[in-house]
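Dear colleague,

Please find below the structure that I am handing over to you. My notes on it follow directly after.

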Amino acid sequence: MFEIVTARWLAENLKKFEIRAPRIAAKQQAGQFVILRVHDHGERIPLTIAAGDAVAGTITLIVQGVGKTTQLMNSLEAGQVLRDVAGPLGLPSEVRNYGTVVVVGGGVGSAIAWPTARALKCAGNRVLTILGARSQDLVVLEDELRQVSDELFVMTDDGSCGERGLVTDKLKQLVQNEQRIDLVLAIGPIPMMRAVAEVTRPRGIRTTVSLNSIMVDGTGMCGGCRVLVGGETKFACVDGPEFDAHLVDFTVLAQRNAMYRDAEHDALERFQNQPQRDLQRVDHQCRLIDKHPELQQRT
Ligand SMILES: Cc1cc2nc3c(=O)[nH]c(=O)nc-3n(C[C@H](O)[C@H](O)[C@H](O)COP(=O)(O)OP(=O)(O)OC[C@H]3O[C@@H](n4cnc5c(N)ncnc54)[C@H](O)[C@@H]3O)c2cc1C
Ligand code: FES
């Protein structure tokens, strides 16, 4: 079992956790993720490793509460424990000195992009970051991303922070004004990633997206995360999650992600009406750890 060391709200519906997971912290690289279960009757969900501290033995996860499991996770506090955390999974981001890189983050995509933006900056790239959100209170990790960016632009739908408009409005400006853009990394909702791909496609700018397909095992065995890339079937968990945006079939991705919408809606409604059932399972784990500290991941 895995202890929550710290838990802190970053924005409405978005919580940052440090989890004690020494083996994952020692191995993880930018772009990789974990699959976790909150308790032993829970579903498995993939979450990007936002940061890893090998010395402290912790990993950082940033969670947007969109459905049952992410809302359950966001109701937890420091001192409680997660049933299992498997990782690091997926291929690391391809980090090298490209030249000028534009990082585009939409919503929680900004949190997912943060570790790769940091690694790209460390590799010597000039990093221009565009953050998009509906309004000011939903802009996440602005300070953290500013620290790893040469320039940072905030775009909000209502103009309450930065400029009013879409991330693609700013991207179009940069594409016109910058002498050269060598890579665009876009992470966020499917329509945003698709729109970014259409801005860069005519100019042949290399563009990478991180795909949020539905995952179960995370090891290439269940086929749940299959995506169509360049006409070929790929598994986002082992062949990705990052792919060439100009080759991704976003229509298939959107269709597959919507497949369980009714069941997801019902699960969320049941959890919101009766959260005690799940919370009691977490409490039971905490009591078990008190009795048997050896069950906790420490080394
Ligand atoms: C590689 C990867 C990294 C991710 N990193 C983060 C992150 O760092 N922070 C974050 O907040 N979210 C991240 N996500 C998305 C997160 O996994 C989903 O929001 C979560 O699984 C939803 O579960 P739920 O029960 O709360 O919601 P549900 O109601 O079950 O689903 C809400 C929506 O989330 C998607 N979804 C559902 N189940 C899964 C699943 N098992 N795998 C992937 N997507 C699913 C579906 O599109 C669905 O419509 C990541 C997804 C992937 C694939
Ligand atoms: S999650 Fe099962 S094959 Fe990718």
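Proline 241 is located in the loop that runs between helix H7 (236-239) and strand E17 (242-244); helices (H or I, at least four residues) and strands (E, at least two) are DSSP runs, numbered from the N terminus. The peptide bond joining glycine 240 and proline 241 is cis, with omega about 20°. A cis peptide bond also leads from glycine 87 to proline 88, where omega is near -5°. Proline 88 has its place in strand E8.

Before you read further, please note that this is a predicted model, in which local features need pLDDT of at least 70 and side-chain atom pairs count only at pLDDT 80 or more, while totals for chains, interfaces and linings use all residues. Residues are numbered from 1 along each chain as its sequence is written, chains are lettered from A and ligands numbered from 1 in the order in which they are written, and side-chain values use heavy atoms, with hydrogens and water left out.

Strand E8 belongs to an open sheet of 3 strands, in the order E4-E3-E8, with antiparallel pairing; two strands pair if DSSP finds at least two bridges between them. E4 and strand E8 (84-89) are the edge strands, each pairing on one side only. Neighbouring strands of this sheet are turned against each other by 25° on average, direction ignored. For that angle, axes are lines fitted to C-alpha atoms (for helices over the stretch in contact), and angles run from 0 to 180 degrees between N-to-C directions. Strand E3 (residues 33-37) and E8 run antiparallel and are joined by 4 bridges. Isoleucine 35 has alanine 86 in E8 as its bridge partner.

A further open sheet has 5 strands in the order E5-E6-E2-E1-E7, again with antiparallel pairing. Its edge strands, each pairing on one side only, are strand E5 (51-53) and strand E7 (81-82). E1 and E7 are antiparallel and connected by 2 bridges, and glutamate 3 has valine 81 in E7 as its bridge partner. The loop between strand E1 (2-11) and strand E2 (14-20) holds asparagine 13. Phi of asparagine 13 is near 75°, a positive value in a residue other than glycine.

There is also a hairpin, formed by E15 and E16 with 2 residues between them; glycine 230 in its turn has a positive phi of about 60°. Strand E15 (residues 226-229) and strand E16 (residues 232-235) run antiparallel, with 4 bridges between them. Leucine 228 has threonine 233 in E16 as its bridge partner.

I turn now to ligand 1. Which residues come nearest to ligand 1? Of the 25 residues around ligand 1, these are Glu43, Pro46, Ile62, Gln64 and Thr70; a residue is near a molecule or strand if one of its heavy atoms lies within 4 Å of it. A backbone N or O atom of proline 46 is 2.7 Å from an oxygen atom of ligand 1. For isoleucine 62, a backbone N or O atom lies 2.8 Å from a nitrogen atom of the ligand. A polar backbone atom of glutamine 64 is 2.8 Å from an oxygen atom of ligand 1. Ligand 1 taken alone exposes 850 Å², of which the protein buries 90%; these accessible areas come from the Shrake-Rupley method with a 1.4 Å probe.

Strand E4 (45-48), strand E6 (58-64), helix H2 (68-74) and helix H9 (261-273) are the elements that give two or more residues to the shell around ligand 1. E4 gives the most, with 4 residues. At least three residues of the shell come from each of domain 1 (2-89 + 262-294) and domain 3 (211-259), with domain bounds taken from an automatic or database domain assignment.

Yours sincerely

Key:
Polar contact = N/O pair within 3.5 Å; in protein donor to acceptor, adjacent residues only side chain to side chain.
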